[in-house]
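Dear colleague,

Please find below the structure that I am handing over to you. I would be grateful if you could read the notes that follow alongside it.

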Amino acid sequence: MKQSENTKIETQFIQGGKNPKNQDGYVNPPVQRGSTILFERAEDLYNDDLRSYGLEGSVTHDNLTDLLSQTMGGAGCVLTPSGLNAITLVLLATLKSGDHILVSDSIYGPNRRFCDLVLKGFGVETTYYPPRISDKIEEFIKPNTKLIFLESPGSLTLEIQDVPAIVKVAQKHNIITAIDDTWSAGVFMQPLKIGVDISIQALTKYQGGHSDVLLGSVVCKDITLHNKMVAMHKNLGLGVSPEEVWLCLRGIRSMMLRIKHQDMAARKMAQYMQTRPEITQVIHPALEDSEDYAIWSRDFTGAGGLFSVYLKPELSDKVNTMLNSYQIFSMGFSWGGFESLVIDCTPQLRRNFPNKEQKGALVRYAIGLENIDDLIADLERGFEALKV
Ligand SMILES: Cc1ncc(COP(=O)(O)O)c(C=O)c1O
């Protein structure tokens with residue numbers, strides 16, 4: 001579909017990623033299942049310009065990869081069976097034995113696990129850096145540093161990183177930068193437009209939006225890096241089901257409406273949490289008194305539905321009582337779907353640079369699409385349970 005340079009992102013998510021001429025005029029693509037692709041001419045069997053096998057995707061996949069490349073300003077997109085797989089694909093495609101990688105200490109846990117177990121076994125050294133390090137990251141760079149991995153904000157402790165400052169240092173040293181940008185869904189921050197080389201999404205979250213899809217994406221700023229991703233994707237034999245892609249396409253069309261509502265609701269809930277005596281700290285970068293507000297408001301246009309709180313240390317042994325008393329917030333490890341979720345993050349926190357203050361249990365809330373008053377009443381129910 002034709003779009004001008006000024007087409008706003010909300011419109012891009014509606015108009016982009018469509019190819020009606022290839023699909024009998026229908027707005028949406030078919031779920032094109034298949035392993036075998038048939039050729040009419042023997043000369044085409046080894047023609048690299050043609051898709052030759054099911055692992056390379058289908059017209060269904062093309063709609064989503066086109067849409068994601070376009071909305072993120074990338075040269076190309078590959079889809080992976082999960083968000084975690086998008087992360088590991090980037091690590092495997094950019095690193096080799098003897099290399100060094102810098103990873104934010106606030107990184108999504110399974111990413112840390114992959115670095116500590118798999119990359120280490122392959123002879124790649126990982127150094128974790130404090131997420132708010134800014135341009136001082138230069139002090140961590142070694143002659144063999146090949147990749148700087150960012151996640152802004154970290155999905156549990158929500159520290160915002162100074163992405164432009166880190167990118168500037170990386171470019172000076174010719175180091176690739178990759179970011180897990182799932183928190184902003186690739187819309188509230190545009191990493192490739194502020195110089196990051198690779199943008200990773202767990203499409204499982206906001207894009208799928210209905211808690212029924214596992215999917216990831218890797219969008220690269222330039223074609224050389226994109227081709228590296230395509231090659232590693234092929235070498236690993238990664239295939240993505242067209243059903244998952246189709247469900248994601250269905251979800252993504254309404255994503256902007258959902259995420260803006262979740263953003264508004266989460267801010268209200270975070271403000272409510274600030275009034276509660278049971279809470280020592282609310283971590284939400286869009287709150288004006290947040291440590292990260294200045295950088296967040298410079299680099300982001302919104303915040304989505306995720307925030308965390310520290311429960312008072314003296315109440316922290318009752319965190320399970322609070323969680324068990326909720327009637328609307330369900331307990332589950334994901335986020336970005338239609339339903340509100342909560343977890344105690346404390347048992348999964350792994351840090352090389354831990355916060356020195358004893359702050360109590362860290363509880364993360366993912367706000368869904370329920371009525372806001374009902375959600376606040378549920379939070380009150382949890383605080384009442386703490387009194388018993
Ligand atoms: C920040 C972040 N990145 C990546 C992932 C991985 O996504 P998936 O569950 O699709 O593997 C998650 C999942 O919780 C996440 O929170």
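The notes below cover the domains, their interface, the ligand site and the backbone.

Please bear in mind throughout that this is a predicted model.

Domains and their interface

The domain assignment divides the chain into domain 1, residues 9-252, and domain 2, residues 256-387. Their C-alpha centres are 27 Å apart. At the interface, 40 residues of domain 1 make contact with 39 residues of domain 2. The area buried between the two domains is about 3400 Å², and 60% of that area is on carbon and sulfur atoms.

With regard to polar interactions, 20 residue pairs are in polar contact across the interface of domain 1 and domain 2, both residues of each pair being at pLDDT 80 or more. On the side of domain 1 that touches domain 2, the elements that contribute two or more residues are helix H1 (9-15), strand E3 (125-129), helix H5 (163-172) and helix H7 (242-252). Of these, H1 gives the most, with three residues. By residue class, this side of domain 1 comprises 19 nonpolar, 14 polar and seven charged residues.

The rule for salt bridges finds five across the interface of domain 1 and domain 2. Separately, a salt bridge joins the side chains of Arg-132 and Asp-292, with an N to O distance of 2.9 Å.

Ligand site

The ligand is surrounded by 13 residues, of which Gly-83, Leu-84, Asp-180, Thr-204 and Lys-205 are the closest. Gly-83 places a polar backbone atom 2.7 Å from an oxygen atom of the ligand. For Leu-84, a backbone N or O atom is 2.9 Å from an oxygen atom of the ligand. Trp-335 contributes through its side chain: one of its polar atoms is 3.1 Å from an oxygen atom of the ligand.

Backbone geometry

Most residues other than glycine have a negative phi, and most peptide bonds are trans. Two places in the model may therefore be of interest to you against that background. The peptide bond between Ser-152 and Pro-153 is cis, with omega at about -5 degrees. Pro-153 is located in the loop between strand E4 (145-151) and H5. Asp-24, a residue other than glycine, has a positive phi near 55 degrees. Asp-24 belongs to the loop between H1 and helix H2 (59-72).

Yours sincerely

Definitions and conventions: Residues numbered from 1 in each chain as written. Predicted model: local features only at pLDDT ≥ 70, side-chain atom pairs only at ≥ 80, totals over all residues. Heavy atoms only, no water. Domains from an automatic or database assignment. Contact = heavy atoms within 4.5 Å. Buried area = accessible area lost by both parts, 1.4 Å probe. Salt bridge = Lys/Arg side-chain N within 4 Å of Asp/Glu carboxyl O. Polar contact = N/O pair within 3.5 Å; in protein donor to acceptor, adjacent residues only side chain to side chain. Helix = DSSP H or I, 4+ residues; strand = E, 2+ residues; numbered from the N terminus. Nonpolar A, V, L, I, M, F, W, Y, C, P; charged D, E, K, R; others polar. Near = heavy atom within 4 Å.
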